Amino acid sequence: MGVSYRHRPRFPARRHTRRHIAQTEDCPPREMQEILNTELLGNPLSRWLVALAALVGALLALVLLRSRVYAFLRNLAKRTRNRIDDLVITTLGETSRIFGITVAAYAGSRVLDLSPTTDRVLWHVIVAVVLAQGAMWAARLLREGIDMYGRSRFGEDGGTLTTIRALQSVSTLAVWVIAVLLVLENLGIHVSALVAGLGIGGIAIALAVQSVLADLFASLAILLDKPFVVGDMLVLGDMVGTVEEVGLKTTRLRSLSGEQLVMSNANLLDSRIRNYGRMEERRVAFSLGVTYQTSPSDLQAIPDTIRSIIESYPAARFDRSHFKTFGSSSLDIETVYYVTVPDYQAYMDLQQAINLDVYRRFAADGIEFAYPTQTVFVERSGPAD
């Protein structure tokens, strides 16, 4: 038989649901307090909520600091001509997100009651993260500072850029080595023996590559002291050449005859360098001799003649011209003047023009140049008549 719809049993599900909702809405504050006091890993739930709020607040503060304050300082630094603020802003841009999250998490953990072991682990973690972030800032500051100083003072030639990159690598490695040693010391590991071992190993390596290190430090001395730059003409003993490249170990010069001269940086600095690239003016001294048959009036007029010839050229600055001495076969006149441009080709062109003008004036005035001559007096002796 089927059951009629009228006699179906009524289930109290709907009335039970309404009753449950009513009980939830009428939950007394005492029960809510009990929920907040529920222990979780040794801390009540209320304290966990405060720690979470501190974490979120610290993250929001860091995000605001990075997005608003950092952007304001960066725009402000672009308006100034000072490069120091640009360097600082660039360094602050190296801040890692892990650093911000770790600092915010550590700030939130200060609200909780943690075991000594957990608290010590968190302290080691925050110190390691702070040291790593400090190493990132220091490395970036050194890299940008070295690059800024090198480019502003020494230009952008190949040798300078190579030395700048080497300095950046060495400084970055040194910063991270110090940071790692500090982290190990913070973890309770005594690094004295490690540092001593590194010192002994460093001494052995330095002795093995002594010549390489000498050339490396010599290249740094060339970069910082700047005794010469690319393009300068150097005279080293009997060698003459123009600097093409300053490397980490060697310096390359192009000689006047066309071949390349390669010298180690240490030997280069140990030798006496005559740098004609730093010459502002070239001093020129030349002498000429006239015959003893030259009249006193012509001899007296020769220095003034030479002076007028030299002063007619804009690239020459006259110094002096004098009848210097009585030579064995000539009357010698010494002249000194300065070429106001250091270029050797310009000096030779000017000297040639002066020589031609002197030769023409002497020919027009009837003054003869002397050449080596000897007068032999022969005395005849014999019986008197």
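## Salt bridges and a pocket: a selection tour

Start with arginine 320, which is partly exposed at 27% relative accessibility. The model on screen is predicted.

**Stop 1: the arginine 320 partner.** Glutamate 334 sits in strand β10 (residues 331-339) and arginine 320 in strand β9 (residues 316-326), so the pair ties together parts that are 14 residues apart in sequence. Is glutamate 334 buried or exposed? Glutamate 334 counts as buried, because its relative accessibility is 17% and the cut-off for buried is under 20%. Arginine 320, at 27%, is partly exposed.

Arg320, Lys324 and Glu334 are linked in a network of salt bridges.

**Stop 2: strands β4 and β5.** Select arginine 254 and glutamate 244. Their side chains form a salt bridge, with 2.9 Å from N to O. Arginine 254 belongs to strand β5 (residues 250-255) and glutamate 244 to strand β4 (residues 239-246), so this pair ties together parts that are ten residues apart in sequence. Colour both by accessibility. Arginine 254 has a relative accessible area of 32% and is partly exposed. Glutamate 244 is partly exposed too, at 35%.

**Stop 3: helix α11.** Select residues 296-311, which make up helix α11. Pick out arginine 307 and glutamate 311. They form a salt bridge, and their closest N and O atoms are 3.1 Å apart. What separates the two along the helix? They are four residues apart, about one helical turn. Arginine 307 is partly exposed, with a relative accessible area of 40%. Glutamate 311 is partly exposed as well, with 47%.

How many salt bridges does the count come to? The count is seven.

**Stop 4: the second largest pocket.** Clear the selection and turn to the second largest pocket, which holds about 210 Å³ of space. Begin with Thr291, Tyr292 and Gln293, which are among the lining residues.

Colour the lining by residue class. It divides into four nonpolar residues, seven polar and one charged.

Conventions. Residues are numbered from 1 along each chain as its sequence is written. This is a predicted model: local features need pLDDT of at least 70, side-chain atom pairs count only at pLDDT 80 or more; totals for chains, interfaces and linings use all residues. Side-chain values use heavy atoms; hydrogens and water are left out. On a 1 Å grid over the protein atoms alone, a cavity is a set of points where a 1.4 Å probe fits but cannot get out, and a pocket is an open set with protein on both sides within 12 Å along at least five of seven lines; lining residues have an atom within 4 Å of a point. Grid points are joined across faces, edges and corners, and a volume is the space filled by probe spheres set on the points. Ala, Val, Leu, Ile, Met, Phe, Trp, Tyr, Cys and Pro count as nonpolar, Asp, Glu, Lys and Arg as charged, and the others, Gly among them, as polar. A salt bridge is a side-chain nitrogen of Lys or Arg within 4 Å of a carboxyl oxygen of Asp or Glu. Buried means under 20% relative accessible area, exposed over 50%, partly exposed in between (1.4 Å probe, protein chains only).
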